[in-house]
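Subject: Structure handover

Hello,

Here is the structure for you to take over. My notes on what was found follow below it.

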Amino acid sequence: MQAIRSINNNIAVCVDSAGQECIAMGKGIGYGKMPHEVELSKVTHTYYCVDERQLEGVKDIPQEVLAFAASAVDRVRGQLPYQLSPNLTFTLADHIAFAIRRAEQGIQVRMPLAYDVEQSYPDEFRLGRQLVRRICREFGVTLRDDEASGIAMSLVNARASAATEEELTRARQDEDMLEDITEIVENHFGVTVDRASFAFSRYATHLHYLFARIHSDEVLPAEGLSGYRGVDDQFPEGVVCVRKICDHIHDAWGADLTDEERLYLVIHVSRICIKGTGR
């Protein structure tokens with residue numbers, strides 16, 4: 001196997017013996033001058049057909065979290081009755097890293113859809129609950145039990161399945177709303193958001209979770225307000241932009257967002273403004 005591009009010291013884009021490109025993980029395989037040969041004994045995981053956008057965010061995820069996510073995906077494969085996307089390791093690692101940061105900052109968020117997720121996806125919720133306990137134990141943080149619903153939805157979203165016409169219609173409405181909100185951000189800050197970036201992918205994922213809660217008539221309660229006020233001070237223009245977004249959502253869908261939802265919108269808007277822009 002030949003490493004042709006480094007993602008970080010332990011992850012590289014490689015070409016295997018059949019000439020196929022893949023993402024390989026292993027200690028030190030991304031270090032040094034490219035290209036170079038990689039001993040297969042050093043490779044712990046390989047991933048084919050990974051969305052290029054996922055690789056951009058890998059550099060921001062601690063290596064121990066990536067290793068944990070890779071191990072977790074290995075555990076859940078075979079426990080679910082469907083194939084999992086090769087992107088799952090990276091999307092799950094990002095989700096876990098964000099949850100750990102929230103816990104370290106003392107921001108606890110209740111997930112009001114946890115019961116619905118548990119009833120609709122019992123296997124995924126069970127696996128999510130197991131992972132939450134492992135995260136708490138291995139990273140020394142405290143997460144609510146209902147954090148399992150977020151992990152469960154990461155698993156659900158990683159499967160390939162046929163959609164109904166109703167689901168396709170809703171998906172198109174959500175995509176239109178995502179584009180409307182992104183244009184509000186672009187017009188407010190005078191930037192062009194790079195829709196091929198990992199920051200945009202992460203932002204879009206959060207908005208789709210938000211849309212799902214709105215469609216279910218449930219939004220996050222107003223908890224963790226100290227964190228919201230902190231963001232207000234650090235990124236006041238983001239708060240102003242989010243007010244415009246909330247007004248648009250209210251006008252289009254008649255939904256009002258809690259302060260906690262506004263907090264996460266500010267966080268994700270700041271991410272695409274800082275990391276996901278191009279001119």
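A residue is called buried when its relative accessible area is under 20%. E261 has 0% relative accessibility, so E261 counts as buried. Please keep in mind that this is a predicted model.

Salt bridges

The structure holds 7 salt bridges. In general, side chains of opposite charge can pair when their charged atoms come close.

E261 is paired with R213, and their closest N and O atoms are 2.8 Å apart. This bridge links distant parts of the chain, with R213 in helix α8 (residues 198-215) and E261 in helix α11 (residues 259-274), 48 residues apart. R213 is buried too, at a relative accessible area of 10%.

R102 and E147 form another salt bridge, with 3.0 Å between the closest N and O atoms. R102 lies in helix α3 and E147 in the loop between α5 and α6, so the pair ties together parts that are 45 residues apart in sequence. Both residues, R102 and E147, are buried.

R129 and E118 meet through their side chains at 3.9 Å, N to O. Here R129 belongs to helix α5 and E118 to helix α4 (residues 114-120), 11 residues apart. R129 is partly exposed, with a relative accessible area of 30%, and E118 is also partly exposed, at 29%.

Finally, E179, E186 and R195 are joined in a network of salt bridges.

In soluble globular proteins, nonpolar side chains tend to be buried together. The largest nonpolar core in this model has 45 residues, and I23, L66, L92 and I135 have the most contacts inside it. Elements supplying at least two residues each include β2 (11-15), β3 (21-25), α2 (63-76) and α3 (88-104). The largest share, 9 residues, comes from α3.

A second, separate core has 29 residues, among them M177, A204, F211 and I272.

D94 lies in helix α3 and is buried, with a relative accessible area of 9%. Beyond residues up to four places away in sequence, D94 touches I61, F198 and R202.

Helix α5 (residues 122-139) has 18 residues and spans 25 Å from first to last C-alpha, close to the expected 26 Å. Its buried residues include F125, L131 and I135. Just after α5, G140 takes a positive phi of about 65 degrees.

Regards

Terms used. Residues are numbered from 1 along each chain as its sequence is written. This is a predicted model: local features need pLDDT of at least 70, side-chain atom pairs count only at pLDDT 80 or more; totals for chains, interfaces and linings use all residues. Side-chain values use heavy atoms; hydrogens and water are left out. Helices (H or I, at least four residues) and strands (E, at least two) are DSSP runs, numbered from the N terminus. The expected span of a helix is 1.5 Å times one less than its number of residues. Buried means under 20% relative accessible area, exposed over 50%, partly exposed in between (1.4 Å probe, protein chains only). A nonpolar core is a set of buried Ala, Val, Leu, Ile, Met, Phe, Trp, Tyr and Cys residues joined through side-chain atoms within 4.5 Å. Contact means heavy atoms within 4.5 Å. A salt bridge is a side-chain nitrogen of Lys or Arg within 4 Å of a carboxyl oxygen of Asp or Glu.
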